[in-house]
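Subject: A structure for you to look at

Hi,

Here is the structure I promised to pass on to you. Have a look at it first, and then read on for what turned up in it.

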Number of protein chains: 2
Amino acid sequence: MADASSPIGVFDSGLGGLTVASAIMDALPHERIVYLGDTARVPYGTRSPRTVLRYARACARRLQAHDIKLLVIACNTVSAVAVDMLRVELDMPVLGVIGPGARAGIAASVNGRVGVIATRGTVASGAYGRELAGLSSKAELFPQAAPLLVPLAEEGWIDGAVPSEVVQHYLEPLAAAGVDTLILGCTHYPLLVGVIREVAARVLSADVRVVDSAHATATELQALLVSRGLARTEGPGDLRIMVTDLPGRFAEVASRFLGRDIDESAVEQIDL
Amino acid sequence: MADASSPIGVFDSGLGGLTVASAIMDALPHERIVYLGDTARVPYGTRSPRTVLRYARACARRLQAHDIKLLVIACNTVSAVAVDMLRVELDMPVLGVIGPGARAGIAASVNGRVGVIATRGTVASGAYGRELAGLSSKAELFPQAAPLLVPLAEEGWIDGAVPSEVVQHYLEPLAAAGVDTLILGCTHYPLLVGVIREVAARVLSADVRVVDSAHATATELQALLVSRGLARTEGPGDLRIMVTDLPGRFAEVASRFLGRDIDESAVEQIDL
């Protein structure tokens, strides 16, 4: 039976969710994390909801075998489709990234006009809009697909003219909407937060709030663990990484998302 | 038994290979084409060679059921791994894109210094270098991974400052190598050929030759069909498209790669 000493399961279709694992490690340094990245089947964004749910179920079951106390779905695509279903099926607390991101966005906004940049799949799902509508009848969401930001983040091409012009291209439609808050609705985007903040301050407004779903998720996770008596408050934290395929440049890309070096002995390739 | 009236099978991991289908339609207007895009499992570039071969075999067998006379592998990743194997297993002519691209590159080059831009996977496979080494003992290949070009092509973001600066970023290392010929080693790149030519003329040299693998493949295909008595020389050509998943924006992206409107009644979703 899982208790406070049990690990937290974190799951993503690939390696982007390591930005969420990183935020959790920063906020909760005593926690043990088991991360599963389904790198053999990434990206999920182009799969049907039925397929995404099937993949998510397999990943969640695999993490359950590690006696996790809570599951974090560090993937916007899966969060848009499968959080409620997995919560019922797994009989454990399940936290996605969309709810925390939307709540932090509403909390940050003064005029109720909130922009979100995300992948085409997340925008098409309408999940941020539904979440926001459930939180406030006055808030209005302005979604903007920003597909080039994922490859820029994966390449580590995060400063200079190109990333700045790409971000500007995506933020200009949001400027016309008068948003005062911008949610980063994709786990890859925290790598580009520097250039996004800079461009947002110039294109949207000088005091625009930029909300990072990864940090918002870590903050809600902390509160949830404390409220359920599941927080681990002493001892060293650790991170174990399972992937379904070891793509080329794994260590380089993973380190970039995690914001620290990868301990290769803590990485295991598994079949699902 | 397949004869000249039988269709040509064209297979890719996704929709990029439609640029090859388009070049074939231009060069061989009487041919019938059956295209299979394995959109449910795209991209192949991050899979292991064993997995790529397994997927390729399934796709090839599916096309064989359409009584094809010849198989074109319109995918650099599969061409790098599976052409020889499929040729033996299928007992029919099999043409990849890497051989034609490399031969056209050697033919175009004066100084024997040939650059190729491609995905990271194709560069890592070393396939263009092996092909070139088999053609000429003096030629030297300079490969350059250009990962941002695929999403730019898929988005249709093919002119303006951003594509130009991205291409320049990738071509600058090739300028130092003194290449006089540049092979487009990815089926997505023909969409960006305008900006690539413009930047190559500026960054590499005014008379740089840009070789498009899709056109090179169509040219070799034509010669191969004629030499085997398999060319279809009259009647209207047609194109039938099979995909393993119908991703969002399918018609938009597919039309872009094909360079003409998609007849949706000619598109079929299949399971493999």
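Let's begin with a term you will need: a crossover is right-handed if, with the strands pointing away from the viewer, the path from the first strand over the helix to the second runs clockwise. Please also keep in mind that this is a predicted model.

With that term in hand, which parts of chain A make such a right-handed β-α-β unit? The unit is made by strand β3(A), helix α3 (residues 76-90) of chain A and strand β4(A).

On to the partners of β3(A): strand β1 (residues 8-12) of chain A pairs with β3(A) in the parallel sense, over four bridges. Strand β4 (residues 94-95) of chain A also pairs with β3(A) in the parallel sense, over two bridges. You can follow both pairings through A:Val72: its bridge partner in β4(A) is A:Leu95, and A:Val72 is itself the bridge partner of A:Val10.

In general, strands of a sheet pair through backbone hydrogen bonds, either parallel or antiparallel.

Now for chain B. What is the order of the strands in its open sheet? The six strands run β4-β3-β1-β2-β9-β10 (chain B), with parallel pairing. Strands β4 (94-95) and β10 (267-269) of chain B stand at the edges with a single partner strand each, so one side of each has no neighbour in the sheet. Two bridges join β3(B) to β4(B), and B:Val72 has B:Leu95 as its bridge partner in β4(B).

Stepping back to chain A as a whole, you will find eleven helices and ten strands. Its radius of gyration is 18 Å, close to the 19 Å that the globule rule gives for 272 residues, so chain A is as compact as a globular protein of that length. Its C-alpha atoms fill a box of roughly 50 × 40 × 40 Å along the principal axes, and 51% of its 272 residues count as buried.

Finally, how do the two chains relate? A rotation of 180° with 0.0 Å of shift along its axis superposes chain A on chain B, with an RMSD of 0.0 Å. This is the relation of a two-fold axis. The same surface serves both copies, as 100% of the contact residues of chain A recur in chain B. Of the residues of chain A, A:Val162 comes closest to the rotation axis, at 3.0 Å (C-alpha).

Enjoy exploring!

Notes: Residues numbered from 1 in each chain as written. Chains lettered and ligands numbered in written order. Predicted model: local features only at pLDDT ≥ 70, side-chain atom pairs only at ≥ 80, totals over all residues. Pairing = 2+ DSSP bridges. Rg over C-alpha atoms; globule rule 2.2 N^0.38 Å. Buried ≥ 20, exposed ≤ 12 C-beta atoms within 10 Å, placed from the backbone. Least-squares fit on C-alpha atoms with pLDDT ≥ 70 in both. Contact = placed C-beta atoms within 7 Å.
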